[in-house]
Amino acid sequence: MFIDGRKVPEGTVVETGLAIIGAGAAGIAIARELAGSGISVTLIESGGFDFDPETQDLYEGESVGVDYPLTSSRLRYFGGTTNHWGGWCRPFEPIDFEERDWVPYSGWPITRAELDPFYERAREVCQIRSPAFDDASAWEEGGKPLPLAGGEVETRFFLYSPPTRFGKKYRPDIERAKNIACYLHSNVTEIVPSENGTEVERLDIQTLSGVRFSVKPKACVLATGGIENARMLLLSNSVEKAGLGNRNGIVGRFFMEHPHVPSPATFLVTDLDLVASWYRTYTKVVTPAGNVVMRGCLLMNDAYLRRTKRLGTVITFAPSRTIPVTPETALAEGTDEERARAEAAARQDGMFRGVLQLARSTTSSPAASGEAGWRLGVGCASEQEPNPASRITLSNEKDALGLPRTKLDWHLKKSDADSLRGNLEAVARAFGGWGEGRVQVLFPERDEWTEAEGWGNHHLGTTRMAADPKRGVVDADCRVHGMSNLFVAGSSLFPTGSTVNPTLTLVALALRLSDHLKRRFAQSAAVE
Amino acid sequence: MEHEEHQSTEHHGAAHREGVSRRTLLVLAGTAIVAAAIPSALFLAEPETASGRAAGFVRLLADPESAARLGEVWFEKSAPGETLAIYEARLSRTLDSHGWREGMDEAETHRRLAQAVRADYAANRITVIDEWHLSETEANLAALAALVARKSPAHGEEEDHG
């Protein structure tokens with residue numbers, strides 16, 4: 001059932017079993033899991049079914065560190081940011097969950113093995129019809145993995161969600177569920193706890209049209225996204241002055257992204273046919289379970305990461321163009337600028353040709369056609385070191401509801417840049433040792449990294465999980481430390497960010513939380 | 001990085017290029033540590049023989065001209081030294097360590113060269129030329145190609161006969 005919050009009588013108090021704040025990937029995944037469970041669920045969404053600029057404006061804020069787009073990187077209506085999700089899915093690596101002595105603040109309170117069953121379920125929720133994230137034999141019709149040398153770089157696979165627009169796809173499930181009421185256009189302005197700050201008592205709600213009402217839940221899940229989760233806890237400060245769950249000052253800290261670098265390197269290969277087609281583009285494969293869209297990528301393997309004490313990087317690539325054996329004739333006419341550009345391009349091609357012909361003189365064989373080889377375009381995303389100084393706080397500016405806006409102070413560290421550079425150098429060794437490729441590392445060595453070339457729109461780490469309340473905001477059950485009935489869902493839980501896209505993992509964690517909540521409600525019903 | 005022994009004799013520009021090979025060989029011949037690592041034939045060789053070997057190495061290249069340009073870029077950006085005999089010696093030493101012997105046929109020489117290059121990548125013996133991460137052996141080949149090209153009649157310079 002859907003209810004327009006703007007039409008709720010002023011001052012209404014809605015009593016419920018579970019309140020879920022936010023109808024994005026995590027919130028909808030949890031609500032669906034609880035459909036038909038007998039637990040009354042109230043799903044509270046700021047937006048309606050479509051994009052609305054006024055509601056979206058609630059996401060505006062200040063970016064005072066590495067420049068970051070707080071508004072365009074997320075969407076505030078039913079379905080949340082899945083409304084513009086690209087669909088890239090891949091589980092995190094087992095090493096991502098480990099405490100790594102070279103990565104400060106690393107270590108999840110759960111293992112990859114504990115999350116595996118939920119990854120399976122998350123795959124279904126995200127409509128991915130194959131489990132072969134690591135199994136190259138499943139994709140061998142498209143070719144084999146590159147036999148890269150050195151054992152430092154491995155081929156792995158992204159599998160793509162259609163992408164599932166959670167709002168569109170699962171709206172009927174929410175509508176049909178008799179135990180779920182979804183309030184649209186309803187903004188939680190504060191999670192109000194009991195006097196001692198240990199239990200959620202009610203949620204204060206306000207619409208942009210000015211209607212105020214509240215929800216009194218037995219338990220509450222905060223699922224408003226990786227930035228807003230922290231903001232919501234910080235805004236909930238009428239009892240706990242530093243915000244809920246923030247007695248150790250961790251809420252909002254450790255903001256991480258996946259810095260993207262559009263052209264961190266140039267790859268040259270002698271023969272494009274050596275590079276399996278699924279590396280080069282999104283590739284549709286017909287399987288008995290249905291169509292799967294997949295793509296090969298390169299990841300640094302865990303033995304390498306342990307030895308070099310680096311953070312991870314994921315690399316994708318696509319063909320760019322051929323490099324002929326014979327130089328093309330330079331442009332003789334045109335403006336000075338055009339001729340200069342043509343000359344620069346010819347010089348660059350000369351280098352490409354020189355490198356390819358050198359490879360063909362040593363580890364490869366002479367060109368059999370007029371092509372010296374191929375240039376591949378390269379893209380990458382990197383893991384960031386968790387950094388308490390990279391954080392979300394509240395701005396002095398206010399939004400349309402009168403609430404302090406978000407202030408983001410995103411930091412990138414030298415170690416982030418060093419890892420990326422080192423990993424690209426490892427890829428260069430891997431290609432060279434293979435013999436049919438060479439790599440130009442364009443990402444420079446940096447003393448500091450103050451401006452991001454790109455990002456993934458992935459907001460990670462601001463309500464991190466940790467068994468120890470001094471190291472995290474929530475425990476292994478995603479329950480806010482020091483509070484009995486407040487839980488968090490979403491990528492803000494991640495203590496470390498891995499290198500790959502977060503949606504599959506945040507959905508897996510949400511499904512795991514759903515199971516926990518079902519058990520919890522079953523136990524309390526048994527007690528009652 | 002290894003192979004630093006040549007640096008002190010270099011960076012003297014074109015005026016010093018001619019005749020450097022012979023002097024460098026004498027310096028090398030007097031240095032026992034270095035001598036142990038360099039093929040004995042080199043010390044007995046007259047410069048003409050050395051140039052012959054250099055030319056032989058350059059003949060291994062699919063495109064000596066483009067390799068020479070790569071070598072020139074290396075010289076320009078990193079000033080690694082421009083003494084032909086040094087590069088020739090390095091390549092001889094590298095190939096020797098992979099079982100190459102003078103007179104081996106071209107296919108076998110190529111096989112040893114490929115081994116040497118792969119071994120460089122495996123051992124992180126990398127030379128960066130214009131951000132390209134190439135094996136040291138490859139870089140030495142490119143440098144040699146550049147220096148041989150400079151001495152070719154087409155380049156307008158005299159042959160170096162010592």
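This briefing describes selected strands, helices and contacts in the structure above.

The structure is a predicted model, in which local features need pLDDT of at least 70 and side-chain atom pairs count only at pLDDT 80 or more, while totals for chains, interfaces and linings use all residues. Residues are numbered from 1 along each chain as its sequence is written, and chains are lettered from A and ligands numbered from 1 in the order in which they are written. Helices (H or I, at least four residues) and strands (E, at least two) are DSSP runs, numbered from the N terminus.

**The covered strand β12 of chain A**

- Strand β12 of chain A, residues 265-269, is mostly covered, with five of its five residues buried; a residue is buried if 20 or more other C-beta atoms lie within 10 Å of its own, exposed if 12 or fewer, and partly exposed in between, with C-beta atoms placed from the backbone.
- In a regular strand the side chains alternate between the two faces of the sheet.
- β12(A) pairs with strand β19 of chain A, residues 437-441, in the antiparallel sense over five bridges, and within β19(A) the residue opposite A:V269 is A:G437; two strands pair if DSSP finds at least two bridges between them.
- β12(A) is also joined, by three bridges and again in the antiparallel sense, to strand β16 of chain A, residues 371-382, where A:R375 stands opposite A:L268.

- Three strands of chain A form an open sheet with mixed pairing, in the order β4-β18-β17.
- β4 (61-63) and β17 of chain A stand at the edges with a single partner strand each, so one side of each is left without a neighbour in the sheet.
- From one strand to the next the twist averages 30 degrees, where angles run from 0 to 180 degrees between N-to-C directions and axes are lines fitted to C-alpha atoms, for helices over the stretch in contact.
- Five bridges pair β17(A) with β18(A) in the antiparallel sense, and A:T406 in β18(A) is the bridge partner of A:L394.
- Helix α6 of chain A packs on this sheet by touching β17 and β18 of chain A, and its direction makes about 65 degrees with that of β17(A).
- α6(A), residues 228-235, is mostly covered, with eight of its eight residues buried, and these buried residues pack against several strands of chain A, including β2 (13-21), β8 (187-193) and β10 (212-222).

**A:L394 as a point of reference**

- A:L394 lies in strand β17 of chain A, and because it has 20 C-beta neighbours inside 10 Å it counts as buried.
- Leaving aside neighbours within four places in sequence, A:L394 is in contact with A:L234, A:L235, A:P404 and A:K407; two residues are in contact if their C-beta atoms, placed from the backbone, lie within 7 Å.
- A separation of 9.1 Å is found between the C-alpha atoms of A:L394 and A:E62, which are 332 residues apart along the chain.

**The contact of chain A with chain B**

- The contact takes 26 residues from chain A and 25 residues from chain B.
- On the side of chain A that touches chain B, the largest share, 10 residues, comes from α9(A), and α9, α10 (414-434) and β19 of chain A each supply at least two residues.
- By class, that side of chain A has 10 nonpolar, 11 polar and five charged residues, where Ala, Val, Leu, Ile, Met, Phe, Trp, Tyr, Cys and Pro count as nonpolar, Asp, Glu, Lys and Arg as charged, and the others, Gly among them, as polar.

**A helix pair within chain B**

- Helices α7 (residues 106-122) and α8 (residues 136-151) of chain B pack at an angle of about 125 degrees, with their axes 7 Å apart, which makes α7(B) oblique to α8(B).
- B:A116, B:V117 and B:D120 of α7(B) make the contact with B:E136, B:T137 and B:E138 of α8(B), a set that divides into two nonpolar, one polar and three charged residues.

Methods. Parallel < 35°, antiparallel > 145°, perpendicular 65-115°, else oblique.
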